[in-house]
Amino acid sequence: MTDLESVALNPATLSGPVWVVAPHPDDEALGCGALLAALVAQGTEVWALLLTDGGFSHPGSRTYPRVRLAALRLEEWRRGLQVLGISPERSAALGLPDGALAAVPPEQVTAAVRRAFQLAPPALVLLPWQRDPHPDHRAAWEPVRAAWNTPVLGYSVWLTGRGAAADWPVAAEAQVLTFDVTPHRRTKAAAIAAHRSQLGLIQDDPSGFTLSAEMVDRALTGPELYFRPYGQSVD
């Protein structure tokens, strides 16, 4: 973890509507499930946007070919959101290609995100930190930020487990905020558990992706990490 100084994030200072942007189903549960549960509990309006179809996690599966897997992952995503208190009516899914978000013209992504945000113009957007070590996460940062002139908080999914030193923000770039998972650990655990396709359900693709026990434990131990780029306010 970075040795930058951090401060505790108080959800009471965050105004809604808050949109959480997930490149893949499960990113929001892993990266900011506790904060989302806290926001919902305090009555903040929370919406969720899924960028990709999530269908590339098990490319070798015959039981779950891409179309079937994408449908399953969308169902899991909505189930996990409901656990966190976010209704399907407050969600939108773009269906962009999992594993190839960088190949989609950025202006196309921006336009699609902007259309979704018009459902409830955001006061704050949560999205993966710009150097979170996954190519789809990195490809999301600029197009999503360009979609709406509103403050953002970058959240961490893979940074703690896989990030190199250069992936972390430097002191002049962003403030590090932490959020204690403990009060909402059970809710966050249930939201992660909704993503069964990523937790061993699919048995016929040995090379397919499975969330490791270490990754899940890290997400449930916390704290959740957020990065507030300087030059903006989320108050």
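Helix 6 passes helix 7 in a right-handed crossing, where a crossing is called right-handed if the near helix is turned clockwise from the far one by less than a right angle, and left-handed if anticlockwise. The model is predicted, and local features need pLDDT of at least 70, while side-chain atom pairs count only at pLDDT 80 or more and totals for chains, interfaces and linings use all residues. Residues are numbered from 1 along each chain as its sequence is written, and side-chain values use heavy atoms, with hydrogens and water left out. Helices (H or I, at least four residues) and strands (E, at least two) are DSSP runs, numbered from the N terminus.

The axes of helix 6 and helix 7 (residues 213-221) are 9 Å apart, and the two helices pack at an angle of about 150°. That makes helix 6 roughly antiparallel to helix 7; angles under 35 degrees count as roughly parallel, over 145 as roughly antiparallel, 65 to 115 as roughly perpendicular and the rest as oblique. Axes here are lines fitted to C-alpha atoms, for helices over the stretch in contact, and angles run from 0 to 180 degrees between N-to-C directions. Arg 185, Lys 188, Ala 189 and Ile 192 of helix 6 make the contact with Val 216, Ala 219, Leu 220 and Thr 221 of helix 7, contact meaning heavy atoms within 4.5 Å.

Which residues of helix 7 are buried? They are Met 215, Val 216, Ala 219 and Leu 220, buried meaning under 20% relative accessible area, exposed over 50% and partly exposed in between (1.4 Å probe, protein chains only). Seen down the axis of helix 7, the buried residues fall within an arc of 125°, so they line one face of the helix; the arc is that of the directions from the helix axis to the C-beta atoms. Ala 213 and Glu 214, on the other side of helix 7, are exposed. The cover over the buried residues of helix 7 includes helix 1 and helix 6. After helix 7 comes Gly 222, with a positive phi near 75°.

Helix 1 also meets helix 6, and passes it in a right-handed crossing. The contact involves Ala 29, Leu 30, Gly 31, Gly 33, Ala 34 and Ala 37 of helix 1, together with Thr 187, Lys 188, Ala 191 and Ile 192 of helix 6. Between helix 1 and helix 2, Glu 28, Gly 33, Leu 36, Ala 37 and Val 40 of helix 1 meet Trp 77, Leu 81 and Leu 84 of helix 2.

| Pair | Axes come within | Crossing angle |
|---|---|---|
| helix 1 (residues 27-41) and helix 6 (residues 185-193) | 9 Å | roughly 140° |
| helix 1 and helix 2 (residues 66-84) | 9 Å | roughly 35° |

Two loop residues complete the picture. Pro 11 lies in the loop between strand 1 (6-8) and strand 2 (18-22), and is buried with a relative accessible area of 12%. Not counting residues up to four places away in sequence, Pro 11 touches Leu 35, Ala 38, Leu 39, Gln 42 and Phe 179. Pro 11 and Phe 179 are 168 residues apart in sequence, yet 8.8 Å apart in space, C-alpha to C-alpha. Thr 44, in the loop between helix 1 and strand 3 (46-52), is buried with a relative accessible area of 13%.
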